[in-house]
Every structure is written in structure tokens, then in C-alpha cells.
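This briefing is meant to be read beside the coordinates. Please keep the sequence and the three-dimensional view open while going through the points.

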Amino acid sequence: MTDEQILSLLKNIEPLSLLSKFELQKILSFCEEIQITENKSILKMGKPWPGIYFIVQGQVIFICEISGKSVAYNKLSTNQSFGSLTSDAASDFSVYGGAPL
């Protein structure tokens, strides 16, 4: 995906839609594009979450453990984001790639 395509997609994600093109380009300079297949782990429960993730296409599924069983907790899809600005944040759930939309 080209930088212009990514910038176009980032403009649709709140609160990034409020930023200028120059500000979005600065953010893009820190971004890394990753592609995740269905059921592939993105973040593990109890582990630090290094940064914010923007979903430019597709969906992710949040999984938590309840009584030893994996349970789908939440789904996020295109134009949504998740994560933390602090590198030491850990979560009570894991995040996996979801089926394509």
C-alpha cells in the first residue's frame, strides 16, 4: 500500500480525521504496516501493548479467558483503533485477526 493510500485510510479513523495532512504524515512516519491472517495473534493477554493499532481494512477479535475457556469479548473493524500510548500497558485479553469483511 502506498503512503497516499494509507493517509487516505487514516483520515477515516477517529480522532485522526481531525488532523491535517501534515500531522497525518508525521504519524505515518512512525507507523509500520502489518497484515494479519485470520486467527493469528496480534497481542497476547498479560503482555505489554506497544502502541496504538489502526485497522485500515478487516477486523480483529478480542479474546478473554473465562473459567479456562477462550471467549470472544469484542470485535473491531475497518476505521477503528485499539491499543495504548504507554508501552507498559498490559491487557486482560488477547487480540487476533478476524475473518475478512
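The model is predicted, and its chain has a mean pLDDT of 81, with 88% of the residues reaching 70 or more. Two helices and six strands are found in the chain, and from the N terminus on these elements run α-α-β-β-β-β-β-β. Of the 101 residues in the chain, 28% are buried, and among the contacts with a separation of 6 or more, 61% are between residues 24 or more positions apart.

**Confidence by element**

- Among the elements of the chain, helix 2 has the highest mean pLDDT, at 90, while strand 6 (residues 94-97) has the lowest, at 75.

- Four strands form an open sheet in the order 1-6-3-4, and their pairing is antiparallel.
- Strand 1 (41-43) and strand 4 stand at the edges of this sheet and have a single partner strand each, so one side of each is left without a neighbour in the sheet.
- On average, and with direction ignored, neighbouring strands of this sheet are turned by 35° against each other.
- Strand 3 and strand 4 run antiparallel and are joined by eight bridges; within these strands, Val 60 stands opposite Leu 76 in strand 4.
- In general terms, strands of a sheet pair through backbone hydrogen bonds, in either a parallel or an antiparallel manner.

**Nonpolar cores**

- The largest nonpolar core has 10 residues, namely Ile 42, Leu 43, Trp 49, Tyr 53, Ile 55, Val 60, Phe 62, Leu 76, Phe 82 and Val 95, and the elements that give two or more residues to this core are strand 1, strand 2 (51-55) and strand 3.
- Apart from this core lies another one of seven residues, including Ile 6, Leu 10, Ile 13 and Leu 16.
- Val 60 and Leu 76, which stand opposite each other, are both members of the largest core.
- Leu 43, also in the largest core, is in contact with Trp 49, Pro 50, Tyr 53, Phe 82, Ser 94 and Val 95 when its neighbours within four places in sequence are left aside.
- As a general background, nonpolar side chains tend to be buried together in soluble globular proteins.

**The salt bridge**

- A search of the whole structure finds one salt bridge, which is formed by Glu 4 and Lys 21, with the closest N and O atoms 3.5 Å apart.
- This pair links distant parts of the chain, since Glu 4 lies in helix 1 (residues 3-10) and Lys 21 in helix 2 (residues 21-28), 17 residues apart.
- Glu 4 counts as partly exposed because its relative accessibility is 47%, and Lys 21 likewise counts as partly exposed because its relative accessibility is 42%.

**Backbone positions with positive phi**

- Most residues other than glycine have a negative phi, which is the background for the two residues described next.
- Ser 67 has a positive phi near 50° although it is not a glycine, and its place is in the loop between strand 3 (59-66) and strand 4 (69-77); with a relative accessibility of 75%, Ser 67 counts as exposed, because the cut-off for exposed is over 50%.
- Asn 79, again a residue other than glycine, has a positive phi near 75° and is placed in the loop between strand 4 and strand 5 (80-84); with a relative accessibility of 30%, Asn 79 counts as partly exposed.

Definitions and conventions:
Residues are numbered from 1 along each chain as its sequence is written. This is a predicted model: local features need pLDDT of at least 70, side-chain atom pairs count only at pLDDT 80 or more; totals for chains, interfaces and linings use all residues. Side-chain values use heavy atoms; hydrogens and water are left out. Buried means under 20% relative accessible area, exposed over 50%, partly exposed in between (1.4 Å probe, protein chains only). A salt bridge is a side-chain nitrogen of Lys or Arg within 4 Å of a carboxyl oxygen of Asp or Glu. pLDDT is the predictor's confidence in each residue, from 0 to 100. Two strands pair if DSSP finds at least two bridges between them. Axes are lines fitted to C-alpha atoms, for helices over the stretch in contact, and angles run from 0 to 180 degrees between N-to-C directions. A nonpolar core is a set of buried Ala, Val, Leu, Ile, Met, Phe, Trp, Tyr and Cys residues joined through side-chain atoms within 4.5 Å. Contact means heavy atoms within 4.5 Å.
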